[in-house]
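Have the viewer open as you read.

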Amino acid sequence: MTSLKTQASCDDSNEKGTITVSEAQQNILSAITSIGGLEKIHILQAVGRVLAETIISPINVPSHCNSAVDGYAISQNDLAGGDETKELKVITKVVAGHPFEGTLKSGQAIQIMTGAQMPANCDTVIMQEHVERHGDVIRIDGRHKAGQNVRQAGEDIQQGTTTLEPGAKLTPPQIGLIASLGFTEITVKVPLRVTVFSTGDEILNIGEAPREGCIYDSNRYSLIAALKKLGCHVTDMGIIADEPRQLKKAFLLASKTADVILTSGGVSVGDADYTKQVLSETGEMNFWKVAMKPGRPMAFGKIGGATFFGLPGNPVAVMVTFYQFALPALQKMTGANQPLVSPLISARCTSPIRKLPGRAEFQRGVLSQNEQGVWQVCTTGQQGSGVLRSMSEANAFIILEHEQTSVKEGEWVNTQPFSGLF
Ligand code: AMP
Ligand code: MG
């Protein structure tokens, strides 16, 4: 056979000039700084947003000593000792929100409901299930301890405590915590402004009539859906033809208002792939062949003040590169100070997977627990980078590391559940 002088491609492992997934991640993160804009919003609008102030508690939470149970408030001096039982006279009943103005005397008890303020001279509560009551007299035995079943003022948060620091990406319990301090509004970072467009002469908008040789745009929709879920402010710039002048116009327009520009398609080595060229004419361009499958070619750079991600065109490659590269960058840009947690779960692979060393692979799989509770994963069948179904039917990535070779049935692999990502 005559040997041809060909070029290295994504089919070749260890192709020269490629970088690893973690190198690409590091390159990106080291170029990212957090955005500056702030706004004051109602706390109910603030879940998922990044806090931009220090929350110092103006009050004690709870503000008063109160009962942790329904029962009887007494003084510890009236506790029964050892095998003894004791009788106490119930003088009144207090419920939450209606403090008792009087004072308990020796030999007395006050019926008290959960959350009601502890009356003067009371420091201990006996659960109502642990007394015998006859008319207005209760009998208690010797099992109780001084101070039991009482929540002290400031037990949750003391007045003056730093409760939350800037950079907290606010979770539902944190919203509740802020509410417990009485705040209505808080200062947070503004949402990231992300502009998205697709490139390609063959790409159709949904709603358009089908055309010979064309396909409907899916990338813009999966990306916008992901960005909306992350709380970004999204601008949809539609589809740009494979035409350098139009691309240049779109890039420059987007860079005027966006913190981030996300495009898909046009970054490989085809005749109609202009993204790299136009990015280098309009801003700073890095182009990487990342040793990964899917998602090898990727452009990253800056146009004016906007960070630019030129993701590949194939729909699965778009999703993989978005979650592995763009997402950590977006998180860093928001100023969130907790690392993104998308834990890996080790699972038994229920079928063999062919794999060459020299590139990482992000296969799509269904992760579950078998009857013995052991994590297992199977791939979603055909794994082509254009087969979006392989991802929509999956609930996890099967991450095969750079140097890993083929996986045998029953071997353990790392999986990354989508629930930690989207
Ligand atoms: P490209 O990198 O532009 O050559 O695109 C690679 C493959 O992805 C081609 O088969 C394109 O038709 C496809 N593709 C590009 N953009 C999109 C899109 N927005 N939605 C669906 N498929 C796309
Ligand atoms: Mg294209």
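## The shell around the ligand

Keep in mind that this is a predicted model. Ligand 1 has 17 residues around it, and the ones that come nearest are Glu202, Asp217, Ser218, Gly266 and Gly313. Sorted by class, the shell is made up of 10 polar, 4 nonpolar and 3 charged residues.

## Polar contacts

Which atoms of the ligand face polar protein atoms? On the nitrogen side, a polar side-chain atom of Asp217 sits 2.7 Å from a nitrogen atom of ligand 1. Asn219 also has a polar side-chain atom by a ligand 1 nitrogen, at 3.4 Å. Gly266 uses its backbone instead: a polar atom there is 2.8 Å from an oxygen atom of ligand 1. On its own, ligand 1 has 480 Å² of accessible area, and the protein covers 78% of that.

## The strand behind the site

Two strands, β14 (193-199) and β16 (215-216), each put at least two residues into the shell around ligand 1. Is β14 enclosed or open? It is largely enclosed by the rest of the structure, because 6 of its 7 residues are buried.

β14 also has strand partners to look at. It runs parallel to β17 (residues 233-240), with 6 bridges joining the two. β18 (residues 260-264) is parallel to β14 as well, and 5 bridges join that pair. Val196 is a handy landmark: it stands opposite Asp236 in β17 and opposite Leu262 in β18.

Notes:
Residues are numbered from 1 along each chain as its sequence is written. Chains are lettered from A and ligands numbered from 1 in the order in which they are written. This is a predicted model: local features need pLDDT of at least 70, side-chain atom pairs count only at pLDDT 80 or more; totals for chains, interfaces and linings use all residues. Side-chain values use heavy atoms; hydrogens and water are left out. A residue is near a molecule or strand if one of its heavy atoms lies within 4 Å of it. A polar contact is a pair of N or O atoms within 3.5 Å; within protein, one must be able to donate a hydrogen and the other to accept it, and residues adjacent in sequence count only if both atoms are side-chain atoms. Accessible areas come from the Shrake-Rupley method with a 1.4 Å probe; for residues, only the protein chains shown count as cover. Helices (H or I, at least four residues) and strands (E, at least two) are DSSP runs, numbered from the N terminus. Ala, Val, Leu, Ile, Met, Phe, Trp, Tyr, Cys and Pro count as nonpolar, Asp, Glu, Lys and Arg as charged, and the others, Gly among them, as polar. Buried means under 20% relative accessible area, exposed over 50%, partly exposed in between (1.4 Å probe, protein chains only). Two strands pair if DSSP finds at least two bridges between them.
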